Amino acid sequence: MTAFLAALLALIALTRSLPAVGPGLNAPLAALRTPMLAYLRRPGLAASLGLLILRLSIGLMMLHHGQEKLADPQQFASTYVASLHLPFPLFFACAAGFSELIGSWLVVLGLFTPLGALALTSTMAVAAFQHILTAGFNIYVLELVVLYLGGSLAILLAGPGRFSFDAGLASDLWVRPEEQPDQLSAVSALAPEA
């Protein structure tokens, strides 16, 4: 959960307009502009449609799992988290539930998709470890966890696609000041001449 919040704060800091950043940070952030836009805009329409379907299927199914964990966190903590011998099992049960719930909504909406996919990927990686620890490499136990892990990892690596809030906001967040149209001249062009 702490990593999720730290990543969210880092993403918010990166998405601020580049001129507002101190002079020492402009060059590194400007270097991130091209890869970030490529990450958000790279797939074509068919691939973006496929990513949308993957985001919706993984995100909507994981919503159920997050709600289930938060409905009775004590039961989840004693059944699954305690077998990992982690301290504060109830805390980690709630953290897993909130990571799945919040991460699922972020993935479904395509808003801060890397953070949502990272939350789901990390939760599913821990779940896979727990299943291997308790049941070994039993395909019937691992099957669903590995499918969710693979889907969320694919979303994390491929990006959200064009049909996402991230892609829609990318042009507004990463446009250089010299590329922004002069709003005053746009308004004056619409005004009737006297």
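**A close look at a helix pair**

A: H3 crosses H5 in a left-handed way. Keep in mind that this is a predicted model. Helix H3 covers residues 45-71 and helix H5 covers residues 89-109. Their axes lie 8 Å apart, at an angle of about 155°. Angles over 145 degrees count as roughly antiparallel, so H3 and H5 are roughly antiparallel to each other.

Now for who touches whom. On the H3 side, the contact includes Arg-55, Leu-56, Gly-59, Leu-60, Met-62 and Leu-63. H5 answers with residues including Cys-94, Ala-96, Gly-97, Phe-98, Trp-105 and Val-107. Sorted by class, this contact has 13 nonpolar, six polar and three charged residues.

Two of those contact residues, Met-62 of H3 and Val-107 of H5, turn up again in the largest nonpolar core. That core has twelve residues, among them Ile-58, Ala-117, Leu-120, Tyr-148 and Ile-155. H3, helix H6 (113-135) and helix H7 (139-158) each supply at least two of its residues. H6 gives the most, with five.

Zoom in on Ala-117, one of the core residues. Leaving aside residues up to four places away in sequence, Ala-117 touches Val-107, Ser-152, Ile-155 and Leu-156. There's also a second, separate core of five residues, which includes Phe-76, Ala-77, Val-81 and Ala-93. As a general background point, nonpolar side chains in soluble globular proteins tend to be buried together.

Conventions. Residues are numbered from 1 along each chain as its sequence is written. This is a predicted model: local features need pLDDT of at least 70, side-chain atom pairs count only at pLDDT 80 or more; totals for chains, interfaces and linings use all residues. Side-chain values use heavy atoms; hydrogens and water are left out. Axes are lines fitted to C-alpha atoms, for helices over the stretch in contact, and angles run from 0 to 180 degrees between N-to-C directions. Helices (H or I, at least four residues) and strands (E, at least two) are DSSP runs, numbered from the N terminus. Angles under 35 degrees count as roughly parallel, over 145 as roughly antiparallel, 65 to 115 as roughly perpendicular and the rest as oblique. A crossing is left-handed if the near helix is turned anticlockwise from the far one by less than a right angle, and right-handed if clockwise. Contact means heavy atoms within 4.5 Å. Ala, Val, Leu, Ile, Met, Phe, Trp, Tyr, Cys and Pro count as nonpolar, Asp, Glu, Lys and Arg as charged, and the others, Gly among them, as polar. A nonpolar core is a set of buried Ala, Val, Leu, Ile, Met, Phe, Trp, Tyr and Cys residues joined through side-chain atoms within 4.5 Å. Buried means under 20% relative accessible area, exposed over 50%, partly exposed in between (1.4 Å probe, protein chains only).
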